[in-house]
2 protein chains.
Amino acid sequence: MQALEKLRDRLAELSDLGSIEMLLQWDQLVMMPAGGAGARAQQLGALARMTHERSTAAELGEWLDELEGAPLDDIDGDIVRVARRDWERARRIPEELAVELARASTDGQESWQLARAADDFSAFLPALERNVELARERGRCLAEEGQSPYEALLGDYDYGLSTQDLRRVFGDLAQALPPLVTEATLASPRRSLEVPVAAQQAAVAGVLRRLGVDSESWRVDVSAHPFTTWIGTRDSRVTTRYNDGDVESLLSSLHEYGHALYERQVAPALERTNLAGGTSMSVHESQSKLWENHVARHPAFAEVLAAELAAGGFAVTAADLHATLVGVAPSVIRVSADPLTYPLHIILRFELELAMIEGALAVADLPEAWREGMARLLGVEVPSDALGCLQDVHWGGGSFGYFPSYALGCLIAAQLWETLEAELGARDDDLRQGEVGEIQRWLAERVHRHGRRLDTIPLVEQATGRALEIDPFLRYVAPLAGL
Amino acid sequence: MQALEKLRDRLAELSDLGSIEMLLQWDQLVMMPAGGAGARAQQLGALARMTHERSTAAELGEWLDELEGAPLDDIDGDIVRVARRDWERARRIPEELAVELARASTDGQESWQLARAADDFSAFLPALERNVELARERGRCLAEEGQSPYEALLGDYDYGLSTQDLRRVFGDLAQALPPLVTEATLASPRRSLEVPVAAQQAAVAGVLRRLGVDSESWRVDVSAHPFTTWIGTRDSRVTTRYNDGDVESLLSSLHEYGHALYERQVAPALERTNLAGGTSMSVHESQSKLWENHVARHPAFAEVLAAELAAGGFAVTAADLHATLVGVAPSVIRVSADPLTYPLHIILRFELELAMIEGALAVADLPEAWREGMARLLGVEVPSDALGCLQDVHWGGGSFGYFPSYALGCLIAAQLWETLEAELGARDDDLRQGEVGEIQRWLAERVHRHGRRLDTIPLVEQATGRALEIDPFLRYVAPLAGL
């Protein structure tokens, strides 16, 4: 079993390199002076080269060959299975293509930034065409038996998901949601609440403290875009941002908390193996959305949030606060969408990126298709490309197949929450007290502890006893439409 | 010249790895929640293994063999020369010894911490004996023709320095300083100044701003022990600490600034080569001491410091502030020693570590020798081992040959300052205005830009036109003794 020891050592090293990379990125976004950008790019590049070299090494394949017939316990069996998958995928991309992808990603983001600032899609078109072409090529390299290039790309974020699953689920949602939106716009109109930043800061600190965020093993900082980093099981770092006159910080801090808690509760036995960490983008997003949609937006938890805002010097009733957190209004911007319309923004992106990769939509026709889709799905008119198809960085950076996880996260969160309440009882009494221990434990048992041992679909089935469904999400948003 | 390209690529990678390691250490001391310590140790371990593997690789030796006959320009010639030296030194330590040294260092620091807390030297004795023995063994491995083990160890910090040089310089100082101390204790008695922390913070920020510390390419943070980190030429990070009732922060922030400025002003052509960065511990320390002793403690600059304290709400005359910054009182603790007695603390440590490595002093006899030395050199009685030979971490961590650089830094700083003033004229008028541009440029030209191209002794000779001397330092401290 020398091969097993060598494999585990290599995976531990790769896990350390991954943590180091996360620290470099966290520091860049939260602490680094702007002048450090050039050196940081060099450092990240050196790290990426070393990681690539060590994760695609031929010797790794030899260890795996040796181990695949051997008698292994459950965890080691999964380690070998997932290592084989990762190794094969990493080696399927020719060196030349990898280099070109990296360059195109950097160029594409730069070009996107300029085009968005100038509201000029034509300035982005060449870079986007190149990104689509390279992503298609990459998908071809990655594709397994019977897979389309797009489906192969999905595997970067959600291994095992099929394009057909997505077409079905998103197709059903695209039918079911728009009528609800119309009703919700009347029943739960969006409203604003002018909460001073100082009160938001006090409330965020107070709420996170109730959820177990202490200074012993957490950091809470401010960054331009909220995100979560895990440098170690007991070194979790979330960020948020504060704007005068909205309450986004309350939602986003619970959202990021959900990501962090997932990583913290992976079984200790998986630490520093390739099975540590969240299993997929959509399950990760389900964890953030569970805390954002089902806890932060819960009417009972609004009492806790209102109390913490009061302690920060801002008076609001729980009912008014809750109404603000769940108000619905179709709009053109994804990142500020309400919980009901949010998935529709994603469905549009899924339709369009799939069509571009499959060649059914010419990249030059994207702005037109975007306007048509926004009118069809959300009933809104897109005033400009900057507020339309240029609003997100993903395609500029070469990420195709990433968007679906945002909507899947909403669906999986709702399905998990229904199962949780069916098993533990309604959470109202606990949430009114800010008591979330049972929720944390249930999530640890059903979702978190497995790490990467279960892929998205098997995990959902194991945790909820059912296939992935849209009904729990529809039941979650029904009250917003007054149903 | 393919070998040159390969060598430069490898050195650039090692430089990136070095910067990454510095970031991990900075984060650990300034930002990391305590719970992250375990994971951080793993990350640093992985990085150290990778650095060791890549810096001792056989292929590196082959490239050097190929290049050593080849026609190279000045910089490339120095790159090859220094790379050969580093590679040889790194490879002279057998793997087994390296592992044992690392383990002994960790154990030694732990044992030292416990022993100091309990004021019990006997609890530290076994670990210290092991550290001395291993360091001697390491020195034997590193020794070049005619070198003693101790001299070889010096090369870790100050390549090219001889034990004989140190004996001469420190012997002369040990004669010259004690009489001055007696006089200075009367002429410039130490006094305290109760400056509130808020005023210190305002003053530190204000002074550093005058020296060019902006948020574009610097960070200034607080840590338990002040230190400096350079993550990139335009990403310098200094820390300081604030205690109510002293003015250490004013001195320490200029001290750390001096370290940072050195790294920032290395010639751009050396970036990401093995020649980037300060050439030795003693030259580095000379740069921090120059700003601490010759700028922060300059009577004219006291006007700037007093003005910044006034802006922070604390009134003090420049004369009183200056008197506080240069007051002399022999004491038992090195890190809080005044500028006159400081080198005597170092001389004692040099004598003792040399004697231990050479076997002339049994480790068990260290406490006694310490007391004797403190009485002889500083005229003070050591009340306990905790405040005596257990006060510093260095030997516990296995560092022998490190201490001398602290005193050499004081000497080199004084010698550089005299040369600078002889060439540019007295700095009084400029310093009274907080104007340091000419000082920065002179240091860049004479010291900083060379990076590692010149070792300590040649650098001092090149910068000042003279060998290393003690007289400039004696002239610097003479006024404190009323001379």
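B:Arg140 and B:Glu137 both belong to helix 6 (residues 121-142) of chain B, where they sit three residues apart, about one turn of the helix. This placement comes from a predicted model, and the values given below should be read with that in mind. The side chains of B:Arg140 and B:Glu137 meet in a salt bridge, with 3.2 Å from N to O. B:Glu137 itself is partly exposed, its relative accessible area being 31%.

### Salt bridges

Side chains of opposite charge can pair when their charged atoms come close. Over all chains, the structure holds 82 salt bridges.

| Pair | N to O distance | Elements |
|---|---|---|
| B:Arg140 and B:Glu137 | 3.2 Å | both in helix 6 of chain B |
| A:Asp455 and A:Arg85 | 2.7 Å | loop between helix 18 and helix 19 of chain A; helix 4 of chain A |
| B:Glu418 and B:Arg475 | 2.6 Å | helix 16 of chain B; helix 20 of chain B |

In chain A, the side chains of A:Asp455 and A:Arg85 meet in a salt bridge of 2.7 Å, N to O. This pair links distant parts of the chain, since A:Asp455 is found in the loop between helix 18 (437-446) and helix 19 (456-464) of chain A, whereas A:Arg85 is in helix 4 (residues 74-92) of chain A, 370 residues apart. A:Asp455 counts as buried because its relative accessibility is 14%, below the cut-off of 20%. A:Arg85, at 13% relative accessibility, likewise counts as buried.

In chain B, a salt bridge of 2.6 Å, N to O, brings together the side chains of B:Glu418 and B:Arg475. Here too the pair links distant parts of the chain, with B:Glu418 in helix 16 (residues 404-424) of chain B and B:Arg475 in helix 20 (residues 471-477) of chain B, 57 residues apart. B:Glu418 counts as partly exposed at 30% relative accessibility, and B:Arg475 is partly exposed as well, with a relative accessible area of 47%.

Salt bridges also form a network, in which A:Arg10, A:Glu13, A:Arg54 and A:Glu59 of chain A are linked with B:Glu53 of chain B.

### A negative patch on chain A

Helix 5 (95-118) and helix 6 (121-142) of chain A each supply at least two of the patch residues, and helix 5 of chain A gives the most, with three residues. A:Glu129 lies in helix 6 of chain A, and this residue is partly exposed, with a relative accessible area of 37%.

Strand 3 (residues 235-240) of chain B is mostly covered, as six of its six residues are buried. In a regular strand the side chains alternate between the two faces of the sheet. In strand 3 of chain B, B:Asp235, B:Arg237 and B:Thr239 point one way, while B:Ser236, B:Val238 and B:Thr240 point the other way, and all are buried.

Strand 3 of chain B has partners in two senses. With strand 1 (residues 218-222) of chain B, strand 3 pairs in the parallel sense over five bridges, and within this strand the bridge partner of B:Val222 is B:Thr240. With strand 2 (residues 228-232) of chain B, strand 3 runs antiparallel, the two being joined by four bridges. B:Thr228 stands opposite B:Val238 in strand 3 of chain B, and B:Thr229 stands opposite B:Arg237. Strand 2 and strand 3 of chain B form a hairpin with two residues between them. Strand 2 of chain B is also mostly covered, with four of its five residues buried.

A:Thr324 has its place in helix 13 (residues 318-326) of chain A. At 10% relative accessibility, A:Thr324 counts as buried. The C-alpha atoms of A:Thr324 and A:Arg190 are separated by 6.6 Å, although the two residues are 134 residues apart along the chain.

Note on methods: Residues numbered from 1 in each chain as written. Chains lettered and ligands numbered in written order. Predicted model: local features only at pLDDT ≥ 70, side-chain atom pairs only at ≥ 80, totals over all residues. Heavy atoms only, no water. Buried < 20%, exposed > 50% of the residue type's maximum accessible area, 1.4 Å probe, protein only. Pairing = 2+ DSSP bridges. Salt bridge = Lys/Arg side-chain N within 4 Å of Asp/Glu carboxyl O.
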